[in-house]
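Please look over the structure shown here. This briefing walks through a few of its features, topic by topic.

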Amino acid sequence: MTENTKTRVKFASRFAAVATTVGSSVGLGNIWRFPFEAGQHGGGAFLLCYVVFVCVLGVPLLCAEFCMGRGTRSNVLGAYRTLQGRGRWHYAGYLGITASVLILSFYSVVAGWTLEYLIQSLSGALKLTDTPAGHAEFESLTTGWRPLLWTVLFLLTNFGVLIGGVTHGIERMSNILMPVLFVVLLAFCINSFTLPGFGAGIEFLFSPDFSKITPAVLLSAMGQAFFSLSLGLGGMMTYASYFSEKTRLARTATITAGLDTLVAVLAGVMIFPAVFSFGLSPQAGPTLVFEVLPYVFSRLPGGAVWSVLFFLLLVIASLTSTVSMSEISISYLCEEKHMSRRRATTVSSAIALIGGVLCALSFGPLDSWMLFGMNIFDLFDYTASNVFLPVGGMICCIFVGWKVDRKFLRREFAVNTPGRKRLLQILVFTLRWICPAAIFLIFLNSIGLI
Ligand code: TRP
């Protein structure tokens, strides 16, 4: 996207700004991670906490990252450096870059599963069945050395997109295909009505049992909110550095958060009725969605076509997210380390490849490598999503709330925003007090201190 800092590229229109931030946020986080996290953490209770976090932490933090990115027009590290004066806040940038590589590693494995399911659907080899055979099918496709091939293939595709400078192509493609994904999800939700487990699934997802709101549920719902909105690492900051002056930040933040949450809820409506029809446990973990989907497709006329279409869209949604994740380290290497874009892309992809290989093998040959009861894949996911993202987010809101000059914020928010004075007051108050306090309390709570 950037060739170099001086001739920094900008998104062509306000629509493009929304489309790319939605492209970054909508991905496997919504369709794969949300259902399995909700499944493991009490369904309705999780959804409720999640929505509260999106509103209270997500939207203000999106605004904060947008401000920093567009106002400084630089990568994460550069943004902190430009605004911090003599502080040392830019270490948060290193945290973000490290976490983005961790996330890219396990994300590519799931994107690899998606790619494999796409190819299997295309060749007609994916068994669409209405018996609970999904688990065996998933195991046969994803254990041993096999996932390695698909993870590497996905990372190569990601590399190709980044190096070929076809980022714009991907953007254009996602402008068209994201709405298609939306329509396809809607069709699956309608299909859910016809399933025997519809009532049970909907009740599980939408009726919160307050006794299920435990520290673990709060922590994972917060982690999911950060993950799904691409927050906490400076991903949105990096993208906002390509926004034009005309982009309205608060509005873009609200639209992004709204659409992203809608997609996650639709994914839940698609998955849970099927889970209950199947007699499967919603607690199956990261494999949940892949085990259930063949069942969903088998109920639809022309199921094979739906499955090809769905996995194709999911691969593309994943690509628009991994492109944004990669952009965090690439823009850093280009601008701070003065590498050419080609070299920066190669370096960042090579590191992600090592992480990706470790994660890919953690369901097979390396499944005995465990720490705190988690394999490498789960460990990367847990540490990045539940620790690094919230910590990164906390630093960002404290920084913007307390340290950044108010005039700077006023300028960023002055664009076409009615009622901006009041809005800014609310935003700064939330960033100063509410966000850091909430994140901190949830941390203390989850390690058992309160
Ligand atoms: N939000 C994306 C998803 O839901 C994942 C993602 C993209 C991300 N860029 C990120 C997560 C940056 C954290 C940070 O699939």
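The model is predicted. A search of the whole structure turns up three cavities of 30 Å³ or more.

**The largest cavity**

- The lining of the largest cavity is made up of 17 residues.
- Ser24, Ile103, Phe227, Ser230 and Met325 are the lining residues closest to the centre of this cavity.
- H14 gives the most, with four residues.
- By type, the lining has eight nonpolar residues, nine polar residues and no charged ones.

**The ligand**

- There are 15 residues around the ligand, and Ser25, Gly29, Tyr107, Phe227 and Ser230 come nearest.
- Gly29 uses its backbone: an N or O atom there lies 2.9 Å from an oxygen atom of the ligand.
- Ser228 also uses its backbone, with a polar atom 3.1 Å from a nitrogen atom of the ligand.
- Ser230 uses its side chain: a polar atom there lies 3.0 Å from a nitrogen atom of the ligand.

**Helix H1**

- H1 has 12 residues, and these should span 16 Å at 1.5 Å a residue. The end C-alpha atoms of H1 are 17 Å apart, which agrees.
- In H1, 10 of the 12 residues are buried, so the rest of the structure largely encloses this helix.
- Among the buried residues of H1 are Ala16, Val18, Thr20, Val22 and Ser24. Ser24 is also one of the residues closest to the centre of the largest cavity.
- Ser25 is buried too, and Ser25 is among the residues that come nearest to the ligand.

**Helix H10**

- The 14 residues of H10 should span 20 Å at 1.5 Å a residue, and the end C-alpha atoms are 20 Å apart, which agrees.
- Because 11 of its 14 residues are buried, H10 is largely enclosed by the rest of the structure.
- The buried residues of H10 include Phe226, Phe227 and Ser228.
- Just after H10 comes Ser230, with a positive phi of about 55°.

- H5 has 32 residues. From first C-alpha to last, H5 reaches 46 Å, close to the 46 Å expected at 1.5 Å a residue.
- In H5, 26 of the 32 residues are buried, so this helix is largely enclosed by the rest of the structure.
- Gly124 follows H5 and has a positive phi, near 80°.
- Thr98 is found in H5. Is Thr98 buried or partly exposed? Thr98 has a relative accessibility of 44%, so Thr98 counts as partly exposed.
- A polar atom in the side chain of Thr98 lies 2.7 Å from the backbone oxygen of Tyr94.
- Thr98 and Ser329 are 231 residues apart along the chain, and their C-alpha atoms are separated by 8.5 Å.

**Ser241, in a loop**

- Where is Ser241? Ser241 lies in the loop between helix H11 (235–240) and helix H12 (249–278).
- Ser241 has a relative accessible area of 0%, so Ser241 is buried.
- A polar atom of the Ser241 side chain lies 2.5 Å from the backbone oxygen of Thr238.

Terms used: Residues numbered from 1 in each chain as written. Predicted model: local features only at pLDDT ≥ 70, side-chain atom pairs only at ≥ 80, totals over all residues. Heavy atoms only, no water. 1 Å grid on protein atoms, 1.4 Å probe; cavity = no way out; pocket = protein on both sides within 12 Å on 5 of 7 lines; lining within 4 Å. Points joined across faces, edges and corners; volume = space filled by probe spheres on them. Helix = DSSP H or I, 4+ residues; strand = E, 2+ residues; numbered from the N terminus. Nonpolar A, V, L, I, M, F, W, Y, C, P; charged D, E, K, R; others polar. Expected span 1.5 Å × (residues − 1). Buried < 20%, exposed > 50% of the residue type's maximum accessible area, 1.4 Å probe, protein only. Near = heavy atom within 4 Å. Polar contact = N/O pair within 3.5 Å; in protein donor to acceptor, adjacent residues only side chain to side chain.
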